[in-house]
Amino acid sequence: MNTHLRRAAVTVAAVSMAAGLAACGSAKEAGGDGGGKKDTKGPLTIGLLLPENQTARYERFDKPLIEKKVRELAGQDTEILYENAKQDPSVQQQQVDTLITKKVDVLILDAVDAKSIAASVKKADSKGIPVVAYDRLAEGPIKAYTSVDNERVGRIQGESLLKELGANAAKGQIVMMNGSITDPNAKMYKDGAHSVLDGKVKIGREYDTKEWKPENANENMKGAISSLGKDQIVGVYSANDGMAGGIITALKSAGFTKLPPVTGQDAELSAVQRILNGEQFMSVYKPYQPEADAAAEMAVALARGKSLDGIAKTTVDSATTKKVPAIIVTPFALTKADIGKYVGQEGFFTKDEICTAKFAAACEKAGLK
């Protein structure tokens with residue numbers, strides 16, 4: 001396994017207090033015993049709720065990786081009930097209700113809307129069903145949490161953009177395309193990016209993009225180009241790859257002869273190909289396997305009524321719940337020079353997937369063929 005991935009698999013770091021989370025002691029102090037079956041044997045029923053399917057990562061990586069690890073830990077006869085909310089918080093609330101009715105032993109939940117899901121988390125908790133917050137810190141009485149270091153993601157994006165801009169940072173303005181305000185991670189990415197960018201480059205326009213949708217980012221970018229003038233835009237901070245695609249389409253439509261550097265996140269296949277092709281400057285690679293493994297391990301332990309001591313080594317605070325046992329994974333910058341390090345690794349794409357006929361020349365130039 002790649003050295004970075006091995007390191008990421010065991011990395012546990014406190015999330016910055018500036019992001020609204022605080023490292024607050026050990027999982028033991030937080031009370032890692034979250035209910036569950038109180039039974040160390042027997043088959044389990046585990047609910048898995050993911051937020052949307054526009055971002056390729058959830059169906060391609062998160063779901064199969066979590067399912068694989070759960071069955072490794074709890075047995076192949078473990079029943080995993082999976083639902084995708086398709087970016088609709090009310091649908092996700094109904095899905096939680098359904099899984100409560102089906103008496104699952106534990107829920108792994110990636111919230112569409114961290115605030116609105118709190119009542120559903122409370123309802124599950126009242127029925128003795130512990131909830132593991134996955135990737136996004138849901139509110140309510142969650143029993144465990146795993147994600148990447150989200151402020152670090154924003155810092156990586158900001159640092160990469162500034163480095164690429166160099167002297168051009170003083171010659172124009174950037175546009176900031178943040179994520180959805182319903183996603184607590186979006187604020188952390190934004191805070192991390194601002195901590196790097198503020199005072200170093202002029203931010204001409206900044207948007208919070210509804211539902212993270214590429215088409216909304218596209219419309220926002222059109223407005224920014226119209227307002228600022230294309231000659232004034234030297235770079236674009238995009239919080240994720242899907243929005244980067246919408247932004248790049250807007251830039252091309254506006255007649256940019258040379259695209260300004262555009263950031264991203266998630267290392268989606270289309271983004272990796274755009275990076276190879278020189279259209280997108282960078283993304284952020286978040287190792288999905290260690291995050292998925294952490295969620296599975298904590299979920300199975302909680303379902304068995306076991307403590308999380310020895311699994312989660314730190315805690316975080318949400319807006320409603322203090323000292324939640326947590327595992328935080330380290331993300332990495334992904335530029336054209338980095339792609340070769342990750343090709344074929346668990347949680348990344350194969351050479352054949354990346355290097356289709358359309359991108360064969362770019363792959364060969366980058367040493368992938």
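Reader: What makes helix 4 and helix 5 roughly parallel to each other?
Author: In this predicted model, helix 4 (residues 89–101) and helix 5 (residues 118–126) have axes that cross at roughly 5° and come within 9 Å. Angles under 35 degrees count as roughly parallel, over 145 as roughly antiparallel, 65 to 115 as roughly perpendicular and the rest as oblique. Helix 4 and helix 5 are therefore roughly parallel. Local features need pLDDT of at least 70 and side-chain atom pairs 80 or more, while totals for chains, interfaces and linings use all residues. Residues are numbered from 1 along each chain, and side-chain values use heavy atoms, without hydrogens and water.

Reader: Which residues of helix 4 and helix 5 meet?
Author: Gln93, Val96, Asp97 and Ile100 of helix 4 meet Ser120, Lys123 and Ala124 of helix 5. Contact means heavy atoms within 4.5 Å. By class, this contact has three nonpolar, two polar and two charged residues.

Reader: Why is helix 3 called oblique to helix 11?
Author: The axes of helix 3 (residues 57–74) and helix 11 (residues 288–303) cross at roughly 45° and come within 8 Å. That value makes helix 3 oblique to helix 11. The crossing is right-handed. On the helix 3 side, the contact residues include Phe61, Leu65 and Val70. Among those of helix 11 are Tyr288, Ala292 and Val300. The contact of helix 3 with helix 11 has ten nonpolar, one polar and six charged residues.

Reader: What makes helix 8 oblique to helix 9?
Author: Helix 8 (residues 214–228) and helix 9 (residues 241–253) have axes that cross at roughly 40° and come within 7 Å. That makes helix 8 oblique to helix 9. Helix 8 also passes helix 9 in a right-handed crossing. The contact of helix 8 with helix 9 divides into eight nonpolar, four polar and one charged.

Reader: How many aromatic pairs are found in the whole structure?
Author: The search finds seven. Rings of Phe, Tyr and Trp (its six-membered ring) pair if their centres lie within 6.5 Å. Ring pairs link Phe61, Tyr285, Tyr288, Tyr342, Phe348 and Phe349 into a cluster. Phe61 of helix 3 and Tyr288 of helix 11 also belong to the contact of those helices.

Reader: How do you know that the charged end of Lys63 sits over the ring of Tyr82?
Author: The charged end of Lys63 is 5.0 Å from the centre of the Tyr82 ring. The rule asks for NZ of Lys or CZ of Arg within 6 Å of the ring centre and within 35 degrees of the ring normal. Lys63 counts as sitting over Tyr82.

Definitions and conventions
Axes fitted to C-alpha atoms, helices over the stretch in contact; angles between N-to-C directions. Helix = DSSP H or I, 4+ residues; strand = E, 2+ residues; numbered from the N terminus. Left-handed = near helix turned anticlockwise from the far one by under 90°. Nonpolar A, V, L, I, M, F, W, Y, C, P; charged D, E, K, R; others polar. Phe/Tyr/Trp six-rings, centres within 6.5 Å; stacked < 30°, edge-to-face > 60°.
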